[in-house]
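Please keep the sequence and structure in view while reading.

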Amino acid sequence: METLLKLTELKAWYDPEKPVLKGLSLELDEHSAVGVIGLNGAGKTTLMNVLCGLHEGFSCESQSFRGERCSFTDKNFKAQRYIVFSEDESFGYFSFDEYIAYVFGCYKKKPDKAYIDGLVEKFGFGGYRSTLIKDLSLGNRRKAYLITGFALKLPLLLLDEPVNGLDFNSTEALYSLIAGYKEFGTVMFSSHILESVTLTSDKVLVLENGVIAKTYSGGDINAENIRASLEKVGVMKDV
Amino acid sequence: MFKMLSRKLLGENFSSALKNVFISVFIAYGLYSMGKQIPLSEKVLVLTVIVFSGTLVIQTLGSADNAKILRGLFAMPCDERRTLGEYTAVTGLYILTSKVSLLAALLFAFTKMTPYRCLIFLLAFLYALFGGMAAFGNFKKRPYISVLYVAAGVSAAFLLPDGKAAVIALAAADVICGGTLFLLKMENFRAAPAVGRVRKVRAASKPALLIPRYLGRYLLEKKAYIFSTLFIIGFAVFFALNAEKMGMGAACGLGMAAISVNSPVSTMISSNRGLDRKLDSLPAKTERFFVPFGVVLFCFYLVCFGLFLTAFGIGGGTTAVRYLIAAPIFAAEGAFLTSFLENRYPIKNWKTEADLTHNPRKYILPLVLMTEAAVLGLI
């Protein structure tokens with residue numbers, strides 16, 4: 001498989017004396033699903049924020065996208081990825097239809113209406129398309145941002161704790177969409193829920209103490225294996 | 001309660017409050033050195049303090065930020081009287097140091113503030129604080145009482161006796177107002193959004209209209225923007241009329257420039273952390289957001305300057321042709337600078353609303369426009 005994104009020795013901090021990520025190296029394959037799991041404070045959200053150019057305090061020995069050097073704040077890189085935040089209060093005065101039209105405009109893409117309608121149906125979001133986002137419940141707001149992310153079909157989709165706030169049916173829909181996203185690109189998501197990574201991922205990264213402590217792939221990804229391994233690094237308290 | 005709230009509103013160890021007071025003293029000294037004095041009657045002083053402070057009290061109590069801070073508090077049992085006392089104290093200190101201190105700076109700079117007048121100022125502020133809180137607390141269940149508080153506040157200024165009797169009357173009004181405030185419970189100050197309020201909208205037909213419609217909704221929903229704009233226009237008209245009477249040639253232009261000291265508008269994106277972060281994460285933020293944002297701001301400033309010039313003309317000010325030409329130019333500069341600064345230099349890591357209000361970045365636009373207005377006055 002070809003490499004989509006490669007980082008070596010990524011360090012990130014809020015206080016330079018206390019780095020959150022301490023030399024993390026990461027390689028994401030094209031058309032794959034990657035789950036990131038770790039304790040609260042392990043650096044999952046910081047990693048996501050660095051990748052989408054929002055975190056300023058970081059250094060990286062090398063970073064490349066499809067084999068070419070890239071900057072996370074570069075407009076060309078930005079146009080290749082989308083992030084769904086774990087907490088998002090943006091564009092509250094847009095309805096979902098307006099939000100999706102705006103975001104597609106930013107990415108200079110034409111919305112695939114039939115595909116979006118399918119996603120809306122999968123998430124049971126049909127009744128909320130014209131409601132202002134600020135008036136939606138936490139779960140419905142999350143659905144609006146997730147639908148947008150999946151509808152864009154970008155090479156890299158980043159999801160920070162995507163399961164939070166979703167009901168049972170929507171969680172199932174999300175799992176199937178993550179697993180099926182390989183058709184369009186690579187999805188990397190962070191989660192606290194073991195099931196979400198075992199059911200969907202080609203690769204599972206265990207983030208511990210600012211580095212990737214363990215990587216699972218292929219047949220190694222099963223609940224027992226990961227649980228046994230996680231207990232060793234103390235992550236199970238949180239899973 | 002006092003510690004929790006004061007840390008949020010006044011900063012760690014009152015750092016934010018002290019910074020605001022320092023800025024106000026600095027502004028007062030700077031303006032005082034201009035050597036301009038405006039005669040101001042005690043009635044106008046009291047009315048200004050009551051209306052200005054009272055509006056801020058209600059705005060602060062009803063703000064989304066405040067509702068968020070207090071959400072946890074309302075879930076816990078508390079000593080009603082003590083908690084209400086602490087809440088009143090912190091709210092009062094916050095408004096006094098962050099906002100009313102600026103009014104005090106202007107008064108110290110342009111009017112004669114004797115110790116007697118300072119006492120009147122303080123008593124009027126307390127009246128506005130107690131009255132504003134009581135009006136807010138009663139609004140949900142007994143709105144007619146809130147109306148009575150507002151009416152009493154305004155009439156107090158008009159019916160204020162002369163001389164030392166004014167101090168006695170205001171002190172008595174403070175005691176009565178404070179006493180009735182403490183009949184309320186903390187529950188009366190819950191400022192949560194209306195449950196189940198859902199608004200459906202029709203999507204804009206043209207993509208170019210998405211951001212103008214978004215910002216239009218935002219501005220109309222957040223009443224602080226409207227109140228603060230109307231207040232600042234009113235202040236600018238008052239300032240310009242008085243300055244012109246004193247023979248200041250650039251009065252009209254300076255009045256227009258003063259309108260750009262509009263904190264909520266100049267920090268509209270910085271104040272919304274979620275939006276700022278999302279814009280940073282999306283491509284083409286300048287073309288897709290900040291250009292339409294600038295266009296909306298241009299229209300906004302143009303309306304503000306139009307209102308100002310109209311009111312200034314009605315008030316007897318001289319609106320020369322050069323100011324009519326300057327208005328769209330000022331509006332374009334205001335729109336460009338505000339949009340540019342919010343795009344490239346958003347205010348991040350702010351903790352209290354006052355950190356946003358008094359960020360030095362806010363004064364760049366007024367300084368540019370005031371310099372131009374001063375030059376315009378020389379023509």
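## Hairpin and pairing of β1 in chain A

In this predicted model, strands β1(A) and β2(A) are joined by a hairpin through 2 residues. β1 covers residues 3–15 of chain A and β2 covers residues 18–29, and the two strands run antiparallel with 9 bridges between them. Within this pairing, A:Leu7 has A:Leu26 of β2(A) as its bridge partner.

β1(A) also pairs with β5 (residues 62–65) of chain A, again antiparallel, through 4 bridges. Here A:Leu5 is placed opposite A:Phe65. A further antiparallel pairing, over 2 bridges, links β1(A) to β4 (residues 58–59) of chain A, and A:Lys11 stands opposite A:Ser59 there.

## Strand β7 of chain A and its neighbours

Strand β7 (residues 81–84) of chain A pairs with β8 (residues 156–160) of chain A in the parallel sense, over 4 bridges. A:Arg81 has A:Leu156 in β8(A) as its bridge partner.

In a regular strand, side chains alternate between the two faces of the sheet. In β7(A), A:Arg81 and A:Ile83 point one way, while A:Tyr82 and A:Val84 point the other way. Which of these four residues are buried? All are, A:Arg81 included.

β7 of chain A is also a packing partner for chain B: the buried residues of helix α13(B) pack against it and against α14 (285–314) of chain B. Helix α13 spans residues 273–281 of chain B, and its buried residues are B:Leu275, B:Asp276, B:Arg277, B:Lys278, B:Leu279 and B:Ser281.

## Overall form of chain A

Chain A contains 8 helices and 11 strands. Its radius of gyration is 17 Å, close to the 18 Å that the globule rule gives for 239 residues, so chain A is as compact as a globular protein of that length. Along the principal axes, the C-alpha atoms of chain A fill a box of roughly 45 × 40 × 35 Å.

Of the 239 residues in chain A, 45% count as buried. When contacts in chain A between residues at least 6 apart in sequence are considered, 70% join residues at least 24 apart.

## Overall form of chain B

Chain B has 17 helices and 0 strands. The radius of gyration of chain B is 22 Å, close to the 21 Å from the globule rule for 379 residues, so chain B is as compact as a globular protein of that length. Its C-alpha atoms fill a box of roughly 55 × 55 × 40 Å along the principal axes. Buried residues account for 41% of the 379 residues, and 84% of the contacts between residues at least 6 apart in sequence join residues at least 24 apart.

The domain assignment divides chain B into domain 1 (2–189) and domain 2 (207–378). The centres of these two domains, taken over C-alpha atoms, are separated by 26 Å.

## A residue in helix α16 of chain B

B:Thr357 lies in helix α16 (residues 353–357) of chain B. Is B:Thr357 buried or exposed? B:Thr357 has 20 C-beta neighbours inside 10 Å, and therefore counts as buried. The cut-off for this class is 20 or more. B:Ser266 is 91 residues away from B:Thr357 along the chain, and the two C-alpha atoms are separated by 9.2 Å.

In soluble globular proteins, nonpolar side chains tend to be buried together. The largest nonpolar core here has 118 residues, and those that touch the most other members are A:Tyr99, A:Ile147, A:Leu158, B:Met256, B:Ile259, B:Phe305 and B:Phe308. Helix α14(B) supplies the largest share of this core, 12 residues. Apart from this core lies another of 51 residues, including B:Leu61, B:Val90, B:Ala109 and B:Leu123.

Leaving aside residues up to four places away in sequence, A:Tyr99 touches A:Phe91, A:Phe94, A:Ile133, A:Ala144 and A:Thr148.

## Contact between the chains

How many residues of chain A are in contact with chain B? There are 26 in chain A, and they meet 24 residues of chain B. On the chain A side, the elements giving two or more residues are α2 (75–78) and α3 (96–106). α3(A) gives the most, with 7 residues. By residue class, this side of chain A divides into 13 nonpolar, 6 polar and 7 charged residues.

Note on methods:
Residues are numbered from 1 along each chain as its sequence is written. Chains are lettered from A and ligands numbered from 1 in the order in which they are written. This is a predicted model: local features need pLDDT of at least 70, side-chain atom pairs count only at pLDDT 80 or more; totals for chains, interfaces and linings use all residues. Two residues are in contact if their C-beta atoms, placed from the backbone, lie within 7 Å. Ala, Val, Leu, Ile, Met, Phe, Trp, Tyr, Cys and Pro count as nonpolar, Asp, Glu, Lys and Arg as charged, and the others, Gly among them, as polar. The radius of gyration is taken over C-alpha atoms; the globule rule is 2.2 Å times the number of residues to the power 0.38. A residue is buried if 20 or more other C-beta atoms lie within 10 Å of its own, exposed if 12 or fewer, and partly exposed in between; C-beta atoms are placed from the backbone. Domain bounds come from an automatic or database domain assignment. Two strands pair if DSSP finds at least two bridges between them. A nonpolar core is a set of buried Ala, Val, Leu, Ile, Met, Phe, Trp, Tyr and Cys residues joined through C-beta atoms within 7 Å.
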